[in-house]
Amino acid sequence: MVNYSDVKQLNDYLIDKSYIQGWQATSADLEVFKSHVNAPDAHRFPYASRWFRHIAAFTAEERSAFPHVEFSQSSSSAAPTKKDDDDEIDLFGDDDENDEEYERQLEERRKAAEIAKGKKDKDKPVAKSSVILDVKPWDDETNMEELEKAVREIEIEGLVWGASKLVPLAYGIKKLQISCVVVDDLVSIEELQERIEQDQDHVQSTDIQAFNKI
């Protein structure tokens, strides 16, 4: 029986195998992986090192999803025989050892994760909001046509201007009430208000009259 906690036996076992059992990572790989604190020396134990670094590349969430299989490494639980200091052998190499196979597998996993994320983002519905803004002029002499023109000239990705109307306030002063639809991830309403209020020749202030998720 293979003593999986013995790095040499593990290395010999993995010469012609990618995983502890079967053709994919399972709970057996995770159990053996936890019995090793550091990556095996890539030069002395290349197969064990490749396997260790491959399993290490999985996230905790991915590891928790490994298929469960019946597995026992009871022989690996036996306490190792104590050796004299002069006879001790360093079974584990430096984590910084260059391992081209590990890097290749890690890069493949990164690319696969990016592709999966791109598909997920593409399928995700776009969150939008319908907003009505009140734009107040300085006085009754403000040219409201010029004010509205300046507002509509503001272009931001994810912003679509809609209908508008003039609403009486007092003393002959009218405010511009204008609607728009925005993509939540692309447009900040606060920043949009700041952009409108930069037209100090026409605009005194802005307010949100209505805000609804679509």
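Two residues are in contact here when heavy atoms of theirs lie within 4.5 Å. Keep that in mind for what follows. The model is predicted.

Start with Ser27. Leaving aside residues up to four places away in sequence, Ser27 touches Phe66, Pro67, His68 and Val69. With His68 there is also a polar contact: the two side chains are joined at 3.4 Å. Ser27 sits in helix H2. Is Ser27 buried or exposed? Its relative accessible area is 18%. The cut-off for buried is under 20%, so Ser27 counts as buried.

Now step back to the whole chain. The protein chain has seven helices and four strands. Along the sequence, they follow the pattern α-α-α-α-α-β-α-β-β-α-β. The protein chain has 214 residues, and 34% of them count as buried. Take the contacts between residues at least 6 apart in sequence: 71% of these join residues at least 24 apart.

Next come the nonpolar cores. The largest holds 21 residues. Which of them touch the most other members? They are Tyr4, Leu10, Ile20, Val32, Trp51 and Ile55. Helix H1 (7-13), H2 and H3 are the elements that give two or more residues to this core. There is also a second, separate core. It has 18 residues, including Leu133, Val135, Ile154 and Ile189.

A pair of rings is described by the distance of the centres and the angle of the planes. How many aromatic pairs does the structure hold? It holds four. One of them joins Tyr4 and Tyr13. Their ring centres are 5.4 Å apart and their planes stand at 90°, so this pair is edge-to-face. Both partners are shielded by the buried criterion: Tyr4 is buried at a relative accessible area of 10%, and Tyr13 counts as buried at 18%.

Phe33 and Trp51 make another edge-to-face pair, with 6.5 Å from centre to centre and 70° between the planes. This pair links distant parts of the chain. Phe33 belongs to helix H2 (residues 27-34) and Trp51 to helix H3 (residues 46-56), 18 residues apart. Phe33 and Trp51 are both buried. Together with Phe52, they form one aromatic cluster.

Tyr13 has one more neighbour to note. Lys17 lies over the face of the Tyr13 ring, 4.5 Å from the ring centre.

Finally, turn to helix H7 (residues 189-197). Which residues of H7 are buried? Ile189, Leu192, Gln193 and Ile196 are. Viewed down the helix axis, the buried residues fall within an arc of 100°, so they line one face of H7. The other side of H7 carries Glu190 and Glu191, which are exposed. What covers the buried residues of H7? The cover includes strand S1 (128-137), helix H6 (144-152), strand S2 (159-168), strand S3 (174-183) and strand S4 (203-213).

How values were computed
Residues numbered from 1 in each chain as written. Predicted model: local features only at pLDDT ≥ 70, side-chain atom pairs only at ≥ 80, totals over all residues. Heavy atoms only, no water. Phe/Tyr/Trp six-rings, centres within 6.5 Å; stacked < 30°, edge-to-face > 60°. Buried < 20%, exposed > 50% of the residue type's maximum accessible area, 1.4 Å probe, protein only. Lys NZ or Arg CZ within 6 Å of the ring centre and 35° of its normal. Arc of directions from axis to C-beta. Core = buried A, V, L, I, M, F, W, Y, C linked by side-chain atoms within 4.5 Å. Polar contact = N/O pair within 3.5 Å; in protein donor to acceptor, adjacent residues only side chain to side chain.
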